[in-house]
Amino acid sequence: MSTKEEPLVMVRNIIGGYVVSGSRGFLEAVSRVTLDIHSNEIIGIAGESGCGKSTLVKIMYGFIRKPLVLTSGKIYVKKDGDLLEIASMDEDERRKKIWWRVLSYIPQNSMSVLNPVKRIKDHFIEILKAQGGNYITNKDAIEAIASYMEEIGLPREVLYAYPHQLSGGMRQRVVTSMALIMRPRVVLADEPTTGLDVVVQRGIIQNIVESIRRLGSSLVLVSHDIGLHAMMTDRMAIMYAGKIVEVGRTIDILRKPLHPYTQALLESLPRLGDKKPREGLRGMPPNLLSPPPGCRFHPRCPFAMDICKKVEPGLVETEPGRLVSCHIYRGEEHRR
Amino acid sequence: MKHEMVVDVRDVEKRFRYGVFFGFTFKALDGVSLYIENKPVIYTVAGESGSGKTTLARVILGMLKPERGYVLYRGRDIYRLSRKEIRWFRKEVQAIFQNPYASFNPLRKVYSYLLDTALNLANAHNKEEAQDIVARALEIVGLNLDDVINKTPSELSGGQLQRVAIARALIPKPKLIVADEPVSMLDASLRVNILNIFKEAKERMGVSFFYITHDLSTAYYISDIIAIMYRGWIIEKGPIEGVMEKPSHPYTQMLIESVPEPDLDKREKWLLRIKLGGIEEREFIEQGCKFRSRCPFAFEKCSKEPPEFKLENGVAVRCWLYEDRYNKAPS
């Protein structure tokens with residue numbers, strides 16, 4: 001993870017967002033974001049509602065449909081030694097070259113990808129046929145799927161069930177195993193367990209982590225839940241109002257958060273066994289139709305200086321692999 | 001004795017029917033008892049989806065009549081109140097729900113709601129008095145008049161509107177507020193602000209709370225007492241420290257261990273493999289202990305008879321593991 005090996009995915013200067021109806025303008029949900037995904041890592045993207053984390057992974061996956069628009073930026077993905085730029089591909093090309101085998105996606109709401117009138121087995125057969133060619137017979141496919149299910153510990157009856165017959169947790173396990181069946185290099189998971197009970201969530205995350213490690217793949221976990229990041233990610237990126245404000249190893253971010261937003265967020269979280277009075281953030285996130293000038297966090301920041309209201313801070317590297325976007329750390333650049 | 005309780009829920013059973021043609025019923029609440037004494041407390045009812053916690057909240061609020069058992073509010077059965085008593089109950093017991101946008105008419109200015117509440121339920125004699133009362137309530141929830149005046153609900157953020165909902169609940173000077181998942185729709189960094197308001201209302205105004213939640217970290221932060229629910233049963237209840245720091249019931253243990261926390265020391269244990277259930281959940285209709293099919297310690301007796309409450313370290317726990325070790329606890 002920390003070697004000098006070239007990243008698996010390089011996200012460069014992405015600007016994307018939503019065209020707001022009534023010509024009220026363009027909501028820039030993701031604003032010049034740059035991020036690397038390394039091999040064999042679990043990286044978390046954390047932040048609160050409206051920070052752009054979901055939009056970012058949608059763009060990374062290349063699922064860009066109206067009203068979502070990618071304005072500029074590049075995404076490079078490694079595939080068999082080549083570097084492909086996928087932001088300029090159309091959806092057909094992505095489907096052929098990228099989806100399932102290189103990048104796959106686990107959405108928050110499993111029902112959005114499961115067809116309610118099709119049995120679970122037919123969902124799997126469809127993926128296998130699309131990816132492995134139509135010469136695969138249904139019988140062979142079912143055989144392969146059944147042994148795959150056994151490997152990952154899903155009961156066989158699930159194959160013959162319709163989506164609505166399964167519990168929310170089981171549906172999410174199905175969607176997860178669909179995303180993993182073609183052994184993708186990178187899995188993008190958008191709040192994969194939000195809304196599930198904590199025990200079920202724990203079991204599903206354990207499944208995902210185990211599969212990712214076994215395949216030697218990488219996982220991008222999008223979640224608002226800092227606790228979940230602490231339980232499973234190697235590195236984290238913290239987003240606020242469309243920007244990445246901080247990147248680093250999870251251990252460093254949790255033990256020594258650099259950005260004032262990260263500090264306030266971590267401070268606000270109640271923990272079991274600790275009753276010390278805590279304070280939440282004041283104010284609310286900015287309206288992204290007209291974000292504040294300078295640093296987007298400055299109206300809520302207890303350390304805001306004059307420069308913060310005028311100049312937007314860039315990401316600076318304070319230590320190798322440790323990035324923060326805040327004027328407090330000017331002059332602490334490691335290099336760049 | 002009974003009259004010293006603010007709320008006394010006794011052996012309540014609430015059934016729901018499901019299935020279109022066949023009359024299946026299941027017990028959303030299956031013999032639930034709990035009480036709040038006459039001193040301000042924050043009482044958490046925690047459980048996962050389907051545990052019955054929201055049904056319990058609605059039963060306590062007088063919105064859902066149980067089939068069996070009763071709910072006493074200051075000694076009076078809330079489902080047998082006279083018209084005058086209903087008015088009194090509506091003033092003394094307030095509710096806060098998960099989605100504040102659903103609790104307000106989207107077209108009406110929120111300030112007019114607050115004024116009306118002050119006029120109707122807080123004995124304000126005229127508009128000036130009502131404005132005073134509203135101003136004090138807004139101060140407690142940390143809002144300025146400028147934040148709310150002339151605003152419709154959609155012009156406020158979720159956190160602000162939830163504060164307005166709390167202000168409205170506080171205006172009649174209630175004795176009890178039932179708050180059903182009041183912070184689960186809010187961003188994590190704002191939740192603790194709302195929880196602090198609850199604490200302050202308890203301490204400064206003597207309001208008691210039923211805090212209904214699935215989130216054990218916030219429950220630990222604000223509550224004095226907690227009841228853990230599982231499939232219509234309370235399976236463990238007692239002082240918050242007793243239950244959360246030394247959980248007795250295997251389900252409570254599993255639940256607490258599974259909460260993801262921003263604490264790396266917890267990671268190794270959290271990632272220890274757990275078993276997930278099968279495709280269907282049949283626990284509602286089974287006999288014996290409802291948790292036994294998921295319980296790592298289940299033995300023969302657990303599938304035959306439902307366990308009774310036993311007292312373990314000052315906490316009432318419903319589990320056969322603790323049979324005969326102590327006398328039967330007053331439930």
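**Reading the two chains**

Author: Gladly! This model is predicted, and its chain B has twelve helices and twelve strands. The radius of gyration of chain B is 21 Å, close to the 20 Å from the globule rule for 331 residues, so chain B is as compact as a globular protein of that length.

Reader: What does the C-alpha trace of chain B span along its principal axes?

Author: About 70 × 50 × 45 Å. Buried residues account for 45% of the 331 residues in chain B. Of the chain B contacts between residues at least 6 apart in sequence, 64% join residues at least 24 apart.

Reader: Let's turn to sheets. How do the strands of a sheet pair?

Author: Strands pair through backbone hydrogen bonds, in either a parallel or an antiparallel way. In chain A, four strands make an open sheet, ordered β2-β1-β4-β5, with antiparallel pairing. Its edges are β2 (25-37) and β5 (82-85) of chain A; each has a single partner strand, so one side of each has no neighbour in the sheet. From one strand to the next, the twist averages 15°.

Reader: Over how many bridges do β1 and β4 of chain A pair?

Author: Eight bridges, in the antiparallel sense, link β1 (residues 9-20) with β4 (residues 68-79) of chain A. To find your place there, look for G17(A), which stands opposite V69(A) in β4(A).

Reader: And which strands does helix α1 of chain A lie across?

Author: Helix α1 (residues 53-61) of chain A lies across β1, β2 and β4 of chain A, and runs at about 115° to β1(A).

Definitions and conventions: Residues are numbered from 1 along each chain as its sequence is written. Chains are lettered from A and ligands numbered from 1 in the order in which they are written. This is a predicted model: local features need pLDDT of at least 70, side-chain atom pairs count only at pLDDT 80 or more; totals for chains, interfaces and linings use all residues. Helices (H or I, at least four residues) and strands (E, at least two) are DSSP runs, numbered from the N terminus. The radius of gyration is taken over C-alpha atoms; the globule rule is 2.2 Å times the number of residues to the power 0.38. A residue is buried if 20 or more other C-beta atoms lie within 10 Å of its own, exposed if 12 or fewer, and partly exposed in between; C-beta atoms are placed from the backbone. Two residues are in contact if their C-beta atoms, placed from the backbone, lie within 7 Å. Two strands pair if DSSP finds at least two bridges between them. Axes are lines fitted to C-alpha atoms, for helices over the stretch in contact, and angles run from 0 to 180 degrees between N-to-C directions.
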